[in-house]
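I opened my notebook for a walk through this structure. Below is what I looked up, entry by entry.

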Amino acid sequence: MTDTIEFLKTRRSVKPREMSGKGPSSAELDTILTIGARVPDHGKLAPWRFIVFEGDARKRAGNVIATVFARKNPDAPHETVEAEKQRLTEAPLVIAVVSSLKQHPKVPAWEQELSAGASCMNIVAAATALGYGANWLTGWYAFDRDVLTDLGLTADEKLAGFIHIGGKPDRVIEDRPRPELKDLVTRF
């Protein structure tokens, strides 16, 4: 258990542009997704699903993002539109976690959305535990209904996040400052 605690105390995100090498194997991806589905889920509703972007699918998704961006920003410079195409291409694997709410008399939407967030965190932790860099990101395109529709989400689904997964960088990455417990904790 000490190793698990130490892992959780030192886990940190890796920027997609700092990921090197290849992504998880098919078996490792299955493990990551299995762990992503093993989260608190009041009512056993599975109020989330996953979209996997690897290989050319990352470029196709980038084209979707860039097309919507260009349509909504007709005066944007060509270089900016081209940069939008790269949103999902830096890491070899990107997993979108889709919050897919289910109607239930005892399980409010908020609990279901939190379950999708827990799924994101489990995916990040699983990828990191397998030795990969991982980062949970959103961005404007994670909230744009046209992008979401073109990526296959239904009108009542939301995106909890894009989890970028790839090889860890060859250098040690400095940790960011973390909040002090004294600033976060009160006692009732």
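**Entry 1: salt bridges**

I started with Asp 146 and Arg 71, whose side chains meet in a salt bridge at 3.4 Å, N to O (the term means a side-chain nitrogen of Lys or Arg within 4 Å of a carboxyl oxygen of Asp or Glu). This pair links distant parts of the chain, with Asp 146 in helix α6 and Arg 71 in helix α3 (residues 56-72), 75 residues apart. I took helices (H or I, at least four residues) and strands (E, at least two) as DSSP runs, numbered from the N terminus.

A word on ground rules: this is a predicted model, in which local features need pLDDT of at least 70 and side-chain atom pairs count only at pLDDT 80 or more, while totals for chains, interfaces and linings use all residues. Residues are numbered from 1 along each chain as its sequence is written, and side-chain values use heavy atoms, with hydrogens and water left out.

Asp 146 is partly exposed at 30% relative accessible area, and Arg 71 is partly exposed at 49%. My classes are buried for under 20% relative accessible area, exposed for over 50%, and partly exposed in between (1.4 Å probe, protein chains only).

My search of the whole structure gave 10 salt bridges. One of them joins Glu 157 to Arg 49, with the closest N and O atoms 2.8 Å apart. Glu 157 sits in the loop between α6 (145-150) and β4, and Arg 49 in strand β1 (residues 48-54), so this pair ties together parts that are 108 residues apart in sequence. Is Glu 157 buried or exposed? Glu 157 is buried, at 5% relative accessible area, while Arg 49 is partly exposed at 29%.

I also noted Glu 84 and Arg 87, whose side chains form a salt bridge at 2.9 Å, N to O. Here Glu 84 is buried at 6%, and Arg 87 counts as partly exposed at 31% relative accessibility.

**Entry 2: the whole chain**

I counted 6 helices and 4 strands in the chain. Along the sequence they follow the pattern α-α-β-α-α-β-α-β-α-β.

Next came the dimensions. For 188 residues, a compact globule would have a radius of gyration near 16 Å, and the chain's 18 Å agrees with that. I took this radius over C-alpha atoms, and the globule rule is 2.2 Å times the number of residues to the power 0.38. The C-alpha trace spans about 55 × 50 × 40 Å along its principal axes.

Of the 188 residues, 39% count as buried. The chain exposes about 11,400 Å², and carbon and sulfur atoms supply 55% of it; areas come from the Shrake-Rupley method with a 1.4 Å probe, and for residues only the protein chains shown count as cover.

For contacts (heavy atoms within 4.5 Å), I looked at residues at least 6 apart in sequence: 79% of these contacts join residues at least 24 apart.

**Entry 3: Ile 35**

I picked Ile 35, in helix α2 (residues 26-36). Ile 35 is partly exposed at 33% relative accessible area. Which residues does Ile 35 contact, leaving aside neighbours within four places in sequence? They are Asn 122 and Ala 126. Ile 35 and Asn 122 are 87 residues apart in sequence, yet 6.2 Å apart in space, C-alpha to C-alpha.

**Entry 4: Gln 86**

Gln 86 lies in the loop between α4 (78-84) and β2 (93-99) and is partly exposed at 42%. The side chain of Gln 86 makes a polar contact with that of Thr 89 at 3.0 Å (a pair of N or O atoms within 3.5 Å; within protein, one must be able to donate a hydrogen and the other to accept it, and residues adjacent in sequence count only if both atoms are side-chain atoms).

**Entry 5: backbone angles**

Most residues other than glycine have a negative phi. I found Lys 44 with a positive phi of about 50° and Ala 46 with one of about 45°. Lys 44 is in the loop between α2 and β1, and Ala 46 is found in the loop between α2 and β1 too. Lys 44 is exposed at 77%, whereas Ala 46 is partly exposed at 31%.
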